[in-house]
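My notes follow in the order I looked things up.

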Amino acid sequence: MDLWFSEYHTDSVRLSIKVTKQLYSAHSDFQQIDVFSSKEFGRFLTLDGYMMLTERDEFIYHDMIIHVPMAVNPDIKRVLVIGAGDGGAIRELCRYTQLDKIDLVEIDEEVVKVCKEFLPTTACSFDDKRLTVYFQDGLKFIRKCHNCYDLIIVDSTDPFGPGEDLFTKEFYGNCYKALSDNGIMVNQHESPFYKNDAIAMQRAHKRIVETFPISKVYQAHIPTYPSGHWLFGFASKKFHPTNDLNPAKWNSLGLDTKYYNTQLHYGSFALPTYVEEMLREVESGEKV
């Protein structure tokens, strides 16, 4: 009998992956955690039945959530990562020798434990001496921070369950206060394609636009995420994501990336017309 993992992207659309083996299944204090193996995508992690990452395509997501802001300001020293218990964002950050401090706030300690055991190529940098891990609620943690970080990465789950508080206006306001005068915030921004995802994307964008003087959206194509078309938010107090990019400076670091490059950086901010229209709707106050 064939075993398949299926995630419903809408009531009438689903992604199904043939599973070779279920490696782990348990319910933590916060959510259901499962790890599967598959022929096509390797091992993959799901939380409450929703795809978080696969070994095959996780590099796309992690390249784009980390290297875009780091290329805009390679002088970043202090970074806060909220979520990201799988370790992929930490792995990419730890490649930057100029970083002095990396704080990770993850609400569910079990996610980190499971990823260390079953996804070691992703969760491979937790022993970096610059990293401090806090198993706390991200919203509560950041309320206490003021002018503490040059970059905040919001690598949250979708806007429900444990990740719901990381999409509120209060949370984005606290991120603004936690950043230095040169600070940048990058968040996973959902997909613009299916209706419910698009509404969540617009709601998050509106709240960020109301908080930060510079707020732009960029995209990547991630096969196992809903529709394959995924967005990220770039919000900043000072830096513009394309005008302030210095390709020569980032390229001089000599980082070997599988997805990100500085030409793609410029192109990722050139969005399809329908996405631009959805963003303009909330920027102009037409939608909440």
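How many bridges join S1 to strand S2? I counted seven, and the two strands run antiparallel. I keep in mind that this is a predicted model.

**Entry 1: the five-stranded sheet**

I traced the strand order as S1-S2-S3-S4-S5, an open sheet with antiparallel pairing. Strand S1 (3-10) and S5 are the edge strands, each pairing on one side only. From one strand to the next I get an average twist of 45°.

I then went through the pairs. S2 covers residues 13-27. S1 and S2 form a hairpin, with two residues between them. Within that pair, Trp 4 has Lys 18 in S2 as its bridge partner. Leu 3 stands opposite Val 19 in S2.

Next came S2 and S3. They run antiparallel, and seven bridges join them. The hairpin from S2 to S3 passes through four residues. Here I found Tyr 24 opposite Val 35 in S3.

S4 and S5 were the last pair I checked. Four bridges join them, again with antiparallel strands. Leu 47 faces Tyr 50, which belongs to S5. This hairpin has two residues between its strands, and Asp 48 takes a positive phi near 50° there. Is S5 mostly covered or mostly open? It is mostly covered, with four of its five residues buried.

**Entry 2: the seven-stranded sheet**

I read the order here as S8-S7-S6-S9-S10-S12-S11. This sheet is open too, and its pairing is mixed. Strand S8 (131-134) and strand S11 (214-221) stand at the edges with a single partner strand each, so one side of each has no neighbour in the sheet. Neighbouring strands are turned by 15° against each other on average, direction ignored.

Eight bridges join S11 to strand S12 (residues 229-236), and the two run antiparallel. Ala 220 has Trp 230 in S12 as its bridge partner.

Which helices lie on this sheet? I noted helix H5 (residues 169-178), which packs on the sheet and touches strand S6 (78-83), S9 and S10. Its direction makes about 145° with that of S10. I also noted H1, which lies across strand S9 (149-155), strand S10 (179-188), S11 and S12. H1 runs at about 160° to S9.

**Entry 3: salt bridges**

How many salt bridges does the structure hold? I get 13. I wrote down a few of them.

Arg 56 and Glu 40 meet through their side chains at 3.0 Å, N to O. This pair links distant parts of the chain, 16 residues apart. Arg 56 sits in the loop between strand S5 (50-54) and helix H1 (58-72). Glu 40 sits in the loop between strand S3 (32-38) and strand S4 (42-47). I list Arg 56 as partly exposed, with a relative accessible area of 47%.

Lys 101 and Asp 103 form another salt bridge, at 3.2 Å, N to O. Lys 101 counts as partly exposed because its relative accessibility is 32%. Asp 103 counts as buried because its relative accessible area is 1%.

Arg 130 and Asp 128 also meet in a salt bridge, at 3.0 Å, N to O. Are these two buried or exposed? Both Arg 130 and Asp 128 are buried. I also found a network: salt bridges with shared partners join Glu 58, Arg 91, Glu 92 and Arg 95.

**Entry 4: Asp 155**

I then turned to Asp 155, which lies in strand S9. Asp 155 is buried yet has no salt bridge. The nearest side chain of opposite charge is Arg 91, 9.7 Å away. What does the side chain of Asp 155 make a polar contact with? I found the side chain of Tyr 61, at 2.5 Å.

I listed what Asp 155 touches, not counting residues up to four places away in sequence. Among them are His 62, Ile 65, Ile 82 and Asp 86. Gly 83, Ala 84 and Ala 89 are also on that list, as is Tyr 61.

Methods:
Residues are numbered from 1 along each chain as its sequence is written. This is a predicted model: local features need pLDDT of at least 70, side-chain atom pairs count only at pLDDT 80 or more; totals for chains, interfaces and linings use all residues. Side-chain values use heavy atoms; hydrogens and water are left out. A salt bridge is a side-chain nitrogen of Lys or Arg within 4 Å of a carboxyl oxygen of Asp or Glu. Buried means under 20% relative accessible area, exposed over 50%, partly exposed in between (1.4 Å probe, protein chains only). Two strands pair if DSSP finds at least two bridges between them. Axes are lines fitted to C-alpha atoms, for helices over the stretch in contact, and angles run from 0 to 180 degrees between N-to-C directions. Contact means heavy atoms within 4.5 Å. Lys and Arg count as positive and Asp and Glu as negative; His and the chain ends are not counted. A polar contact is a pair of N or O atoms within 3.5 Å; within protein, one must be able to donate a hydrogen and the other to accept it, and residues adjacent in sequence count only if both atoms are side-chain atoms.
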